[in-house]
Amino acid sequence: MAKLAVCLALVKLGESLDNGLSQAPPMGYNTWNDLGCKNMNEANIKAVANTLVDSGLRDAGFVYLNLDDCWMAPNRDASGRLQGNPETFPTGMKALADYIHSKGLKFGIYSDRGSATCQGLPASLGSEELDAQTFAEWDVDYLKHDNCHSSTGPNDKDQLFKEFGLMRDGLNATGRPIFYSVCGGGDNKPWSDIKYYASDPRGGGALANSWRISSDVVEWQSCQLAYLADAELTEYGSNGGFNDPDMLLGSSDGSARSLTSVRSRSQFNLWAILMAPLMIGANIRELDAYDLATYTNKEVIAVNQDPMRKQGRLIVMNKVLVPQISTSIWARELASGNVALLFMNNLRKSSSIVCGSDCWSELPFEAGAALDVRDLWSFGPAETASAVAGQDYQVDLSSGNGKSSLLIFSARIIV
Ligand code: GAL
């Protein structure tokens, strides 16, 4: 019997990621939407590192500097190892890691489970253990592992969980805590449902620290698909890792992909409620004051990072035919006993959103309790600064098209 228990424990160990890095969603920056392939080089990465420090973003929590596709040379070296592209990264990846670490940041890198990355460069199929070792030797802190160029297609579950699993085991074997972020999809088609990365028993927290649950967020439509997919996966996000609805798009000029200012802030609000990784995907070196204010809002970040680690959920949806055209209310319970509520207006006009009985019944407050309401963007009492649990509470959103309001409801302490 004892023998069986030991065996079962060992099997379990081999099948899950054991690096202690699922305590809070990772925060940082990823190169893909900013530098793409064309501008991926050492000088730009160092400039990003300096900007993360000088702008205050590092101190706000954005510590990961993650290199996406196109850091690697077109060929492995003589010993079969991945190597940085000598033209664009002349001093090599370890020296770059040292620079990034000297700035108080963490170093992230990218590979792929297939025979090539999405941009056709060397990837990890058949070299998982060696690549994991190489990354550990470079002092890598985070690996985004993609899903292109697999031999049996992007959605062959047996194959993909097996191959992503090989990299998980390779990372485990290094003994270095490396955040493992699985980037599913591969074909990147918005109609491909990849929610199974969260729900399949071989996926989720058994596989990785985070897993993509939708295709790339490149504009508002794909952003909506991502958060609506995430709304169906609440239970998995609270279970050993994080659902990943992809990167944050800012609204600054000069970014390859962006949202309107209103929507970029709503994406940040939603990502806080959804306990999503916060990876900035904008031209960080030219972030405007508005985007900087968005990403350094400590109160919204605190919701995202809440130590209770309970993903928030969609509690009210009033749609006009499709959920993309709707008003909605989202809730996240916090360790303090407070609740963050997000009121979201996706109609094409101003609208009032009411937390009525269908909303209160989803919340942990006792009927009749007196509540204080704080607005996380005005850093003070909300326009309607108090509420009574169970009684209609109305939020007026003066414009639609993705405008939202993020409020904290807390039970008033009676003295
Ligand atoms: C995609 C992935 C993007 C980016 C790109 C790089 O598959 O979803 O986030 O990593 O590949 O080629």
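Reader: Hello! Which class does Cys118 fall into, buried, partly exposed or exposed?

Author: Buried means under 20% relative accessible area, exposed over 50% and partly exposed in between, with a 1.4 Å probe and protein chains only. This is a predicted model, where local features need pLDDT of at least 70 and side-chain atom pairs pLDDT 80 or more, while totals for chains, interfaces and linings use all residues. Residues are numbered from 1 along each chain as its sequence is written, and side-chain values use heavy atoms, without hydrogens or water. With a relative accessible area of 28%, Cys118 is partly exposed.

Reader: Which residue forms a disulfide with Cys118?

Author: A disulfide is a pair of cysteine sulfur atoms within 2.5 Å. The sulfur of Cys118 lies 2.1 Å from that of its partner, Cys148.

Reader: What is the handedness of the disulfide between Cys118 and Cys148?

Author: Look at the torsion about the S-S bond, which is about 90 degrees. The disulfide of Cys118 and Cys148 is therefore right-handed.

Reader: How far apart are the sulfur atoms of Cys355 and Cys359?

Author: Both cysteines are buried, Cys355 at 0% and Cys359 at 0% relative accessibility. Their S-S torsion is about -90 degrees, so this disulfide is left-handed. The two sulfur atoms of Cys355 and Cys359 are apart by 2.0 Å.
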